[in-house]
Amino acid sequence: MSALTKMTLKAAVDGLAKGEFTSVELTKAHIEAVEAARGLNAYILETPEKALDMAAKSDARRALGDAGPLEGAPLGVKDLFCTEGVRTTACSKILENFVPTYESTVTSQLWRDGAVMLGKLNLDQFAMGSSNETSYFGPVTNPWRAQGSNKALTPGGSSGGSAAAVAADLCLGATATDTGGSIRQPAAFTGTVGIKPTYGRCSRWGVVAFASSLDQAGPIAKTVEDAALLLTSMSGHDPKDSTSLDIPVPDFTQFVGKSVKGLKIGIPKEYRVDNMPAEIEKLWADGIAWLKEAGCEIVDISLPHTKYALPAYYIVAPAEASSNLARYDGMRYGLREEGTNLTEIYENTRASGFGDEVKRRILIGTYVLSAGYYDAYYLKALKVRRRIAEDFDNAWTKCDAILTPTAPSAAFGLGENSNDPIAANTPSRPP
Amino acid sequence: MAIDAATVRKVARLARIAEPEERIEALANELNGIMTWIEQLAEVDTEGCEPLTSVVAADDVVTMGGDPARVTSNAPKSVGNFFVVPKVVE
C-alpha cells in the first residue's frame with residue numbers, strides 16, 4: 001500500500017503541482033491498490049491502460065504549463081455514467097455488453113479538468129437498491145468492519161462501489177448518483193463525504209436514467225474539500241439536459257473552512273424516529289453540540305409530511321422508472337432474447353435482462369400509471385411531493401440549514417436486507 | 001384494491017415482462033404489501049394542491065445527430081445502418 005493512495009484529492013493535486021510526483025506514478029499506485037483489493041468487488045471494470053495513457057497525457061500537459069483543476073488525479077466512475085468506448089452496464093445483464101459511443105457530460109467535464117479514469121464502479125442494478133446487492137456483478141463489501149466483529153458489511157447503495165472505493169483508497173474520489181439517497185447513504189455507511197447537489201446542478205446527459213425528476217449526479221470523496229473540488233468540475237449548465245440549471249457555478253472550495261458562526265440550524269422533530277439506535281442518537285447530539293460550540297443557533301423545526309416522503313417516493317420513482325426502462329426492448333441496443341413473435345421477444349428479453357428488484361419496480365410503476373389508477377396514485381403522490389416541498393419552504397424561513405442523521409442505522413451485514421419486499425418498505429432500503 | 005394474480009398477469013403484460021406462472025402468486029403478495037403501505041398517502045390533505053412534476057425545464061431542442069453508424073453500433077442486429085427487427089406484418 002503506497003502513501004500516494006492515502007492522500008486526499010486536494011493533497012494529491014497540490015503534490016502534482018509542486019512536482020513531488022507525476023500523474024503516472026500516482027496512477028500506478030492506484031492501479032496496484034485496485035488490483036490488491038479485488039475482493040471488495042468495488043470495480044466491475046478496471047481500465048489500467050486507459051488510466052496510464054490519460055496520466056501520461058496529463059503529465060505532458062502539465063509540462064506545457066496547461067494544468068486543469070483536477071490535473072493528473074485518478075478517479076473512479078460509477079457504472080451508470082456513459083463512458084465513450086468503455087463498457088457501461090448500470091450493473092445489469094440487459095446492458096452487459098453496451099459500449100457507449102458518447103461520454104456523459106459530467107465525466108467529460110472531469111476529463112476536461114485533467115482527471116484520470118481508473119475504471120467503472122459497482123452499483124445496485126439501475127441504481128435500485130441501498131445495499132449494492134441487486135448488482136448483476138454481485139455485491140460490494142464495505143472496507144470497514146464493526147468494532148469487535150469481522151462480519152462483512154454492506155457499503156450501502158446504490159453507489160456502493162463508489163463509496164467503498166473511496167473509503168479503501170482505491171481512487172482519490174468518485175462519481176455517484178442519488179435518486180432517493182444513493183450518494184448520501186453509502187457515504188454515511190463508509191465514513192466518506194457525499195453530496196446530492198441541488199437538482200439541475202449536474203447534467204443528467206449520458207447518465208443511465210432511473211427516475212428523471214429525482215436523479216442527480218454528485219461526488220463521493222475523502223473530505224469536504226475534495227467533494228467541493230469535484231463538485232465544481234461536475235457542475236454546470238448543459239443544453240443537452242433540459243432540466244439543467246442555467247446559473248453560474250461558484251468555486252465551491254471557496255466556501256470550505258469558513259465560519260458557521262451565527263447560522264441558524266434546524267432540528268426537525270419528525271426525524272426522531274422510534275427505535276433509533278443509541279449510536280445514531282449520540283452522533284446527532286454530538287453534531288448539535290459541535291455546531292453550538294462553533295456559534296450556531298439551534299432551532300427546533302417541524303417537517304410534518306416527513307412520514308409520507310417514502311411512500312410518495314415509492315410511487316414517483318417506480319412510475320418514472322417504468323417509463324424510462326421501456327427503452328430496453330432488445331431492438332436498438334442491449335440484450336435480445338428469442339421469441340416466436342415481437343411481443344414475446346420483448347417479454348423474454350426484459351424477463352431475462354432485468355433483475356428481480358428492477359422488475360418489481362417496473363411492475364409497481366406500470367400498475368400505478370395504468371388506466372384507472374393514475375389519479376389515485378401518481379397524481380396523488382405528485383401532490384404529496386408538493387406538500388413535502390412546502391414543509392422545507394416553511395423551514396427555510398426559520399433556519400439556514402438542517403441537521404439530521406443520514407440513515408437510521410449504521411452499515412448492516414451483507415444479506416440482512418435483501419430481496420424482502422417488506423424490508424423494501426423500511427427507510428433503510430429504497431434508493 | 002387488492003392486487004390479485006389476474007392483475008399481476010395484466011401488469012406484467014403491459015410492462016412486457018414475461019413472468020413465469022409460478023412467480024405470479026408471490027408477486028401479487030409482494031405488490032399487495034407495498035401498495036397497502038402506500039395507501040397512507042390518502043391521509044394527506046391535497047385539496048387545491050398543484051402536482052409537483054419537475055422543478056425546471058428548458059426548450060427541448062436537437063443538439064446532435066446525423067451519425068447512424070454510431071447510433072446502431074450497439075444494436076443486437078443491424079445491416080447498413082438500419083436496425084434489424086423481427087417481422088411484425090405478415
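What follows is a close look at chain B and the place where it touches chain A.

Modeller: Happy to! Please keep in mind that this is a predicted model. Let's begin with what chain B is built from: three helices and two strands. If you start at the N terminus and walk along chain B, you pass them in the order α-α-α-β-β.

Now for its overall form. A compact globule of 90 residues would have a radius of gyration near 12 Å, whereas chain B has 22 Å. Along the principal axes, the C-alpha atoms of chain B fill a box of roughly 55 × 45 × 25 Å. Of the 90 residues in chain B, 16% are buried.

A compact globule with 431 residues would have a radius of gyration near 22 Å, and chain A agrees because its value is 22 Å. The C-alpha trace of chain A spans about 65 × 65 × 50 Å along its principal axes, and 52% of the 431 residues of chain A count as buried.

So where do the two chains meet? The contact draws 40 residues from chain B and 52 residues from chain A. On the chain B side, the elements giving two or more residues are helix H1 (5-14) and helix H2 (21-38). H2(B) gives the most, with seven residues. Sorted by class, the side of chain B that touches chain A has 26 nonpolar, eight polar and six charged residues.

Definitions and conventions:
Residues numbered from 1 in each chain as written. Chains lettered and ligands numbered in written order. Predicted model: local features only at pLDDT ≥ 70, side-chain atom pairs only at ≥ 80, totals over all residues. Contact = placed C-beta atoms within 7 Å. Helix = DSSP H or I, 4+ residues; strand = E, 2+ residues; numbered from the N terminus. Nonpolar A, V, L, I, M, F, W, Y, C, P; charged D, E, K, R; others polar. Rg over C-alpha atoms; globule rule 2.2 N^0.38 Å. Buried ≥ 20, exposed ≤ 12 C-beta atoms within 10 Å, placed from the backbone.
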